[in-house]
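This report goes through one protein model, part by part. Please look over the sequence and the model before reading on.

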Amino acid sequence: RYNAGYVHLKSGRFAHALPPPGREHAEREAAGRSLLPFVLWMRADLLTKLGKFDEAAATQRPGLAIDEQDLGPEHPDVAFDLQVLADIDESRDDVAGAERYLRRALLIAERALGPGDTYVGDLHLALAELFAHAGRGEEALAQAQRGPGGNHELLGNLRAGARLFDD
């Protein structure tokens with residue numbers, strides 16, 4: 001059922017992508033965890049794509065609260081929820097809000113998964129891209145270099161951008 005919604009979303013049939021969230025979608029995974037945060041994330045993602053940023057953030061925040069309560073504030077799923085909120089803020093050009101969420105997500109992920117984890121690297125690059133978006137080229141480059149393994153194509157683009165912004 002959720003896969004069908006994802007297919008609709010990816011194929012551009014937004015009206016069919018998600019039913020309204022409600023109790024019927026709060027089924028439990030095998031571990032006893034609510035699926036509602038997943039449904040809320042899908043809805044928030046759709047609303048972001050539609051440019052409804054305030055509604056997207058209001059939809060995502062309860063998912064964050066549920067994950068914090070069910071899993072604890074230092075769980076990697078909480079980091080993901082924060083990254084979603086950062087994406088929403090970046091989409092509405094709230095760089096300070098996005099940076100705040102990404103820094104908290106990065107801290108949680110580094111503690112929970114270790115500094116060499118791929119997701120931690122993805123968060124470093126997300127923060128680097130945010131800095132580049134904000135015209136903070138040198139910070140973008142420094143942040144991208146902190147990520148494990150690094151994305152060499154992105155680093156090259158950031159180096160070129162840093163020269164443009166910081167000259």
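Does aspartate 93 count as buried or exposed? At 57% relative accessibility, aspartate 93 counts as exposed, where buried means under 20% relative accessible area, exposed over 50% and partly exposed in between (1.4 Å probe, protein chains only).

## Basis and confidence

This is a predicted model, in which local features need pLDDT of at least 70 and side-chain atom pairs count only at pLDDT 80 or more, while totals for chains, interfaces and linings use all residues. Residues are numbered from 1 along each chain as its sequence is written, and side-chain values use heavy atoms, with hydrogens and water left out.

The pLDDT is the predictor's confidence in each residue, from 0 to 100. Its mean over the chain is 81, and 68% of the residues reach 70 or more. Confidence is lowest in helix H1 (residues 2-10), with a mean of 52, and highest in helix H5 (residues 95-113), at 97. Residues 22-30 have a pLDDT below 50, and this stretch has 18 contacts in the model beyond near neighbours in sequence; contact means heavy atoms within 4.5 Å. Where pLDDT is low, the predicted coordinates should not be read in detail.

## Overall build

The chain has eight helices and zero strands. Both are DSSP runs numbered from the N terminus: helices are H or I with at least four residues, strands E with at least two. Of the 167 residues, 43% are buried. Among contacts between residues at least 6 apart in sequence, 53% join residues at least 24 apart.

## The nonpolar core

A nonpolar core is a set of buried Ala, Val, Leu, Ile, Met, Phe, Trp, Tyr and Cys residues joined through side-chain atoms within 4.5 Å. The largest one holds 28 residues, and Leu82, Ile88, Leu102 and Leu123 touch the most other members. At least two residues of this core come from each of helix H2 (36-49), helix H3 (53-71), helix H4 (76-91), H5 and helix H6 (118-133). H5 gives the most, with eight residues.

Not counting residues up to four places away in sequence, leucine 82 touches Leu64, Tyr101, Arg104, Ala105 and Ile108.

## Glutamine 60

Glutamine 60 is found in helix H3 and is buried, with a relative accessible area of 0%. Leaving aside neighbours within four places in sequence, its contacts are Leu40, Trp41, Ala44, Asp81, Val84, Leu85 and Ile88. Glutamine 60 and aspartate 81 are 21 residues apart in sequence, and their C-alpha atoms are 7.3 Å apart.

## Aromatic rings

Rings of Phe, Tyr and Trp (its six-membered ring) pair if their centres lie within 6.5 Å; planes under 30 degrees apart count as stacked, over 60 as edge-to-face and the rest as tilted. The structure holds two aromatic pairs. Phenylalanine 38 and tryptophan 41 form a tilted pair, 5.7 Å centre to centre with 40° between the planes. Tryptophan 41 and phenylalanine 80 form an edge-to-face pair, at 5.6 Å and 65°. Tryptophan 41 lies in helix H2 and phenylalanine 80 in helix H4, so this pair ties together parts that are 39 residues apart in sequence.

## A loop residue

Aspartate 93 is found in the loop between H4 and H5. Its phi is near 60°, a positive value in a residue other than glycine. Most residues other than glycine have a negative phi.
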